[in-house]
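This briefing describes one protein model for computational work.

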Amino acid sequence: MGERMSRGEESRFSFRLMTADDVGRVPIGCQGDEAALRSRIADVGSAAVLAFDGAQHVAQLQFRRYDQTCRSPNGLWDPLYWGEFGDTAPALPTNSLSIFCYHVGQLDDSERRDARYQGRGLGVALLDYLLEWAAGAGFAAIAAKATPPQRAVMGFMGGQPTDIYEARGFEVSASWIDRQLLDVVHEKALLPEGTAPDVAARVSLCVKFLASGAE
């Protein structure tokens, strides 16, 4: 967890923001319909950071404008889950972002993930790219839902644990047991031996304020 790529690997992969021209050319799973995706890109400037191995799309980190009232219609099984913080949702400036899901090892628009690209620091590199861009673009803050730190749970959810966010200046403002995730951890046997069930189902709200976007 939290691995950084070597200098050689960093030069192998390229990163850039998703643009409207990418719609229909790169995977857009969890992004909603094309019209909504194009609207978000026009509004925010992008909807994801993309990673490529040569010409092959291999990962992306999705994000949207922060919405304090965001609610998922199907809990964990809807992309809006990542932007939902319930009663803990802070009142952030309107020019704030929410980090959604990480799709590491995504070669096409399916649920399959290529394990060769996982555990190599691609998720962290996507996050660092997003933070640098958001600061330069004048956004005020970024909210993220951190996952439990167990590798199997992280992989299932497509997220990062609190220590990754804290190392980048995020503060943990709330933490709670996700009961739906707790059921999934048991059903899919994602719980490492000797790990307390509640530990493997605890998610957190992490917030980072960007000086460039202060109002």
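Helices (H or I, at least four residues) and strands (E, at least two) are DSSP runs, numbered from the N terminus. By this assignment the protein has six helices and seven strands. The model is predicted: local features need pLDDT of at least 70, side-chain atom pairs count only at pLDDT 80 or more, and totals for chains, interfaces and linings use all residues. Residues are numbered from 1 along each chain as its sequence is written, and side-chain values use heavy atoms, with hydrogens and water left out.

**Overall architecture**

- Read from the N terminus, the order of elements is α-β-α-β-β-β-α-β-α-α-β-α-β.
- The C-alpha trace extends over about 45 × 40 × 35 Å along its principal axes.
- Of the contacts with a separation of 6 or more, 71% join residues 24 or more positions apart, where contact means heavy atoms within 4.5 Å.

**Burial and surface**

- Buried residues account for 50% of the 215 residues; buried means under 20% relative accessible area, exposed over 50%, and partly exposed in between (1.4 Å probe, protein chains only).
- The protein exposes about 10,000 Å², of which carbon and sulfur atoms supply 49%; accessible areas come from the Shrake-Rupley method with a 1.4 Å probe, and for residues only the protein chains shown count as cover.

**Largest pocket**

- A pocket is an open set of points on a 1 Å grid over the protein atoms alone, where a 1.4 Å probe fits, with protein on both sides within 12 Å along at least five of seven lines; lining residues have an atom within 4 Å of a point.
- The largest pocket holds about 770 Å³ of space; grid points are joined across faces, edges and corners, and the volume is the space filled by probe spheres set on the points.
- Its lining comprises 35 residues, and those nearest the centre are Tyr102, Gly155, Phe156, Met157 and Gly158.
- At least two lining residues come from each of β4 (96–104), α3 (122–136) and α4 (151–157), and α4 gives the most, with five residues.
- The lining divides into 15 nonpolar, 13 polar and seven charged residues; Ala, Val, Leu, Ile, Met, Phe, Trp, Tyr, Cys and Pro count as nonpolar, Asp, Glu, Lys and Arg as charged, and the others, Gly among them, as polar.

**Residues with positive phi**

- Most residues other than glycine have a negative phi.
- Cys30, which is not a glycine, has a positive phi of about 75°; this residue sits in the loop between β1 (13–17) and α2 (34–44) and, at 34% relative accessibility, is partly exposed.
- Ala189, also not a glycine, has a positive phi of about 55°; its place is the loop between α6 (179–187) and β7 (202–209), where a relative accessible area of 64% makes Ala189 exposed.

**Buried loop residues**

- Asp22 belongs to the loop between β1 and α2, and its relative accessibility of 5% makes it buried.
- Not counting residues up to four places away in sequence, Asp22 touches Arg16, Leu17 and Leu50.
- Pro161 lies in the loop between α4 and α5 (162–166) and is buried at a relative accessible area of 1%.
- Pro161 and Ala135 are 26 residues apart along the chain, and their C-alpha atoms are separated by 22 Å.
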